[in-house]
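Subject: Structure handover

Dear colleague,

Please find the structure below. My notes on it come after.

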Amino acid sequence: MKQRKLEMLLEELENFSNPELELEQYQTPPLLAAEIIHFAYMQGDLDESVQDLGCGTGILAIGAKLLGARTVVGYDTDSKALETAQKNAQKLGVEVEFVLSDIADVKGHVKTTVMNPPFGARVKGRDRPFLSSALRTSEVIYSIHNRGSLAFIQKFIKPAIITHSYVAKFPIKRTFNFHKKELEVIEVEIYRIKVSE
């Protein structure tokens with residue numbers, strides 16, 4: 001499936017009905033989600049098991065399944081978001097398991113983690129438990145972070161290494177009362193992390 005086709009399918013998915021500020025619930029934009037998932041596919045990282053930590057409404061998890069991941073599990077602490085994720089998976093006719101769980105409690109082992117963790121804009125360090133859990137349970141990680149996070153990420157993930165990184169645009173629609181603009185575009189960094197054996 002071409003990246004543009006994937007993006008068009010992901011555009012059909014339902015967003016958060018009532019996003020929670022403390023959980024930093026911002027929908028991953030379909031264009032960015034398609035770009036990351038397609039990149040993971042091109043690297044051969046979607047051929048086995050995939051998990052999405054903090055999956056929200058399921059856009060990354062569903063994208064991974066659409067591009068052929070054998071099994072996909074999405075984890076989140078918000079049951080309403082998971083209900084929407086389940087509806088989204090049914091809408092596109094894919095089978096993804098969605099689990100209500102704290103990120104720290106995720107067990108098992110998968111080949112690949114795809115995730116858009118909280119950036120820590122509200123509470124500093126909110127992305128750390130996501131990184132820790134991904135490092136513990138997977139071989140390869142694709143993760144979205146605030147621009148300027150490279151030095152921190154490199155230090156935090158050791159002995160794992162960043163094999164690829166690039167800057168992307170992340171449009172945020174007016175979601176919360178303090179948002180002044182209808183659309184704010186921020187720059188983010190996408191990392192592909194290889195966990196050491």
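Predicted model: local features only at pLDDT ≥ 70, side-chain atom pairs only at ≥ 80, totals over all residues.

Residues are numbered from 1 along each chain as its sequence is written, and side-chain values use heavy atoms, with hydrogens and water left out.

Aromatic pairs

Rings of Phe, Tyr and Trp (its six-membered ring) are paired if their centres lie within 6.5 Å; planes under 30 degrees apart are stacked, over 60 edge-to-face, and the rest tilted. The count by this rule is three aromatic pairs. One of them, Phe39 with Tyr166, is edge-to-face, at 6.0 Å centre to centre and 90 degrees between the planes. Phe39 is in helix α2 (residues 30-42) and Tyr166 in strand β6 (residues 161-173), so this pair ties together parts 127 residues apart in sequence. Helices (H or I, at least four residues) and strands (E, at least two) are DSSP runs, numbered from the N terminus. Ring pairs also bring Tyr142 into a cluster with Phe39 and Tyr166.

Phe152 and Phe156 form a tilted pair, 5.5 Å centre to centre with 40 degrees between the planes. They sit four residues apart in helix α6 (residues 150-157), so about one helical turn separates them.

Loop residue

Ser101 lies in the loop between β3 (97-100) and β4 (110-115). Its relative accessibility is 13%, so Ser101 counts as buried (under 20% relative accessible area; exposed is over 50%, partly exposed in between; 1.4 Å probe, protein chains only). Leaving out residues up to four places away in sequence, Ser101 touches Tyr75, Asp76, Thr77 and Val106 (contact means heavy atoms within 4.5 Å).

Regards
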